[in-house]
Amino acid sequence: MSIRHGLLALLERGPRYGSRLRTEFESRTGSTWPLNVGQVYTTLSRLERDGMIVQDGTDDAGHDLYAITDDGRAELRTWFETPVDRTSPPRDELAIKLAMAVGAPGVDIRDVIQSQRHHTLQAMQDYTRLKAQALADIPANRDEVAWLLVVEQLIFQAEAEARWLDHCESRLVRLAEAAAVEPTEEPGPAATRGPARSLAGRIRTRR
């Protein structure tokens, strides 16, 4: 999650102080990714260091205001125009858990999958209720529209995760059936396919 660019986007609407930026960020995203004030001010300090923002006086209550610079606007435009890189995905705890559960002593990976599927489906139901609440009335402002987009992304993500879990379970069943018909030995170091490559490396090779 780019807090840096999120704050720049809010500052493009006009000068703001730290706690207001925090409130507006959470309002825009429905508090899906809550921030603390320390994160906000640390990010503001780095943006100021990099010439993306400048201090712009104080408001009537004495809050220090920050304003975006031309360099900050250019950075923001580049962020909006550049696709999010998927060749170096962030670590996903569930994928790592299932990868480590394969063959782990005393672990039934099917139980792990079933437990996660139950949790994922429950989360999807919760997100769907939030979407229904958001659509009960026509979104009245940009924050409500933004929150609707966020909650729909959470729904699609949960749906995809549930399908992937179903696929994992089916894959394990097929592999178990194949192993029962034609047992094979676990390959030793000499039988491996060579050093592991990153996802980005694999994608570049296939291109």
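## Leu11 and its contacts

In this predicted model, Leu11 touches Arg16, Leu21, Leu44, Ile53, Tyr66 and Ile68, when residues up to four places away in sequence are left out of the count. Leu11 belongs to helix α1. Its relative accessible area is 1%, and the residue is therefore classed as buried, the limit for that class being under 20%.

A further relation involves Leu65. Leu11 and Leu65 are separated by 54 residues in sequence, while their C-alpha atoms are 9.8 Å apart in space.

How much of α1 is buried? The count is 7 of its 9 residues, so the helix is largely enclosed by the rest of the structure. The buried set consists of Ile3, His5, Gly6, Leu7, Leu8, Leu10 and Leu11.

Among the buried residues of α1 is His5. Its relative accessible area is 12%, which places His5 in the buried class because that value is under 20%. The side chain of His5 is joined to that of Ser2 by a polar contact of 2.5 Å. Not counting residues up to four places away in sequence, His5 touches Glu75, Leu76 and Trp79.

In soluble globular proteins, nonpolar side chains tend to be buried together. Here, the largest nonpolar core has 16 residues, of which Leu7, Leu8, Leu11, Leu21, Leu44 and Ile53 touch the most other members. Two or more residues of this core come from each of α1, α2, α3 and β2. Helix α1 gives the largest share, 5 residues.

Leaving aside neighbours within four places in sequence, Leu7 is in contact with Leu21, Val40, Thr43, Leu44 and Leu47. Another core, of 7 residues, lies apart from the largest one, and its members include Leu94, Ala101, Leu165 and Cys168.

## Helix α3

Helix α3 covers residues 37-49, a run of 13 residues. From its first C-alpha to its last it reaches 18 Å, close to the 18 Å expected at 1.5 Å a residue. Its buried residues are Val40, Thr43, Leu44 and Leu47. How are these buried residues of α3 placed when seen down the helix axis? They fall within an arc of 105 degrees, and so they line one face of the helix. That buried set packs against α1 (3-11), α2 (18-28), β1 (53-58) and β2 (64-68).

Just after the helix, Gly51 adopts a positive phi of about 80 degrees.

Ser31 is located in the loop between α2 and α3. Its phi is near 60 degrees, a positive value in a residue other than glycine. With a relative accessible area of 42%, Ser31 is partly exposed.

## The aromatic pair

A search of the whole structure finds 1 aromatic pair. In this pair, the rings of Trp79 and Phe80 have centres 5.2 Å apart and planes at 40 degrees, so the arrangement is tilted. Trp79 counts as partly exposed at 33% relative accessibility, and Phe80 also falls in the partly exposed class, at 48%. Trp79 is also one of the residues touched by His5.

## The overall arrangement

The protein contains 8 helices and 2 strands. Which order do the elements follow from the N terminus? They run α-α-α-β-β-α-α-α-α-α. Of the 207 residues in the protein, 26% are buried.

Among contacts with a separation of 6 or more, 56% are between residues 24 or more positions apart.

Key. Residues numbered from 1 in each chain as written. Predicted model: local features only at pLDDT ≥ 70, side-chain atom pairs only at ≥ 80, totals over all residues. Heavy atoms only, no water. Helix = DSSP H or I, 4+ residues; strand = E, 2+ residues; numbered from the N terminus. Expected span 1.5 Å × (residues − 1). Buried < 20%, exposed > 50% of the residue type's maximum accessible area, 1.4 Å probe, protein only. Arc of directions from axis to C-beta. Contact = heavy atoms within 4.5 Å. Core = buried A, V, L, I, M, F, W, Y, C linked by side-chain atoms within 4.5 Å. Polar contact = N/O pair within 3.5 Å; in protein donor to acceptor, adjacent residues only side chain to side chain. Phe/Tyr/Trp six-rings, centres within 6.5 Å; stacked < 30°, edge-to-face > 60°.
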